[in-house]
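I opened my notebook to look up a few residues in one structure and to write down what I found for each.

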Amino acid sequence: MVLFTITDVNPEHVFQNGIKTKITTRKETKLLQQLKTAALAAQKNAHAPYSKFRVGAAIIANDGQVYSGCNVENAAYPLGQCAEASAIGAMVTQGATQIQQIIVVSPNDEYCYPCGGCRQKIAEFAGAETPVIMMTNQGQCTTTTVAELLPHAYVFPLDEEQD
């Protein structure tokens, strides 16, 4: 699924946190705007009283619906949940099984890449070439793929009889 129409012949490639990414210099489509709007709305509901680092995420799933989530911190730190995990949980709760695209919205002017655990969670429900978009609070976006974020994702070997 394509969310952008190309307006630049050679999009600029940069390295962010050691990952080759494309800075978005393309015209947004309605779908990308829906993802951004959902992620920004979720970000406003983040429960981040300890870090004050509010993150929102939104997914377009294989059922065509947009699912969003925010980070939820807890005083017992390991019990918190990232925005990406919240969005995935919402998607699965509604019966969708595949991430087509995901966006993660940062509360500052730097891109907020998914943590290692969320990269693995995204890989559980997305193909290697699934776009992962990061957006700053200024609206700047960069796009990468699941494979670029997690090149050696763990995949559980299922028997053909298992589902």
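This is a predicted model: local features need pLDDT of at least 70, side-chain atom pairs count only at pLDDT 80 or more; totals for chains, interfaces and linings use all residues.

Residues are numbered from 1 along each chain as its sequence is written, and side-chain values use heavy atoms, with hydrogens and water left out.

Entry on Glu73. I found Glu73 in the loop between β6 (66-70) and α2 (83-93), where helices (H or I, at least four residues) and strands (E, at least two) are DSSP runs numbered from the N terminus. Glu73 is buried but has no salt bridge, and Lys52, the nearest side chain of opposite charge, is 7.2 Å away. Buried means under 20% relative accessible area, with a 1.4 Å probe and protein chains only, and a salt bridge needs a side-chain nitrogen of Lys or Arg within 4 Å of a carboxyl oxygen of Asp or Glu. I also saw that a polar atom of the Glu73 side chain lies 3.0 Å from the backbone nitrogen of Tyr50.

Entry on Ser106. I located Ser106 in the loop between β7 (99-105) and α3, and Ser106 is buried, with a relative accessible area of 0%.

Entry on α3. Which residues of helix α3 (residues 116-125) are buried? I listed Cys118, Arg119, Ile122 and Ala123. They cover an arc of only 140 degrees around the axis, so they lie on the same side of α3; the arc is taken from the directions from the helix axis to the C-beta atoms.

Definitions and conventions: Buried means under 20% relative accessible area, exposed over 50%, partly exposed in between (1.4 Å probe, protein chains only). Lys and Arg count as positive and Asp and Glu as negative; His and the chain ends are not counted. A polar contact is a pair of N or O atoms within 3.5 Å; within protein, one must be able to donate a hydrogen and the other to accept it, and residues adjacent in sequence count only if both atoms are side-chain atoms.
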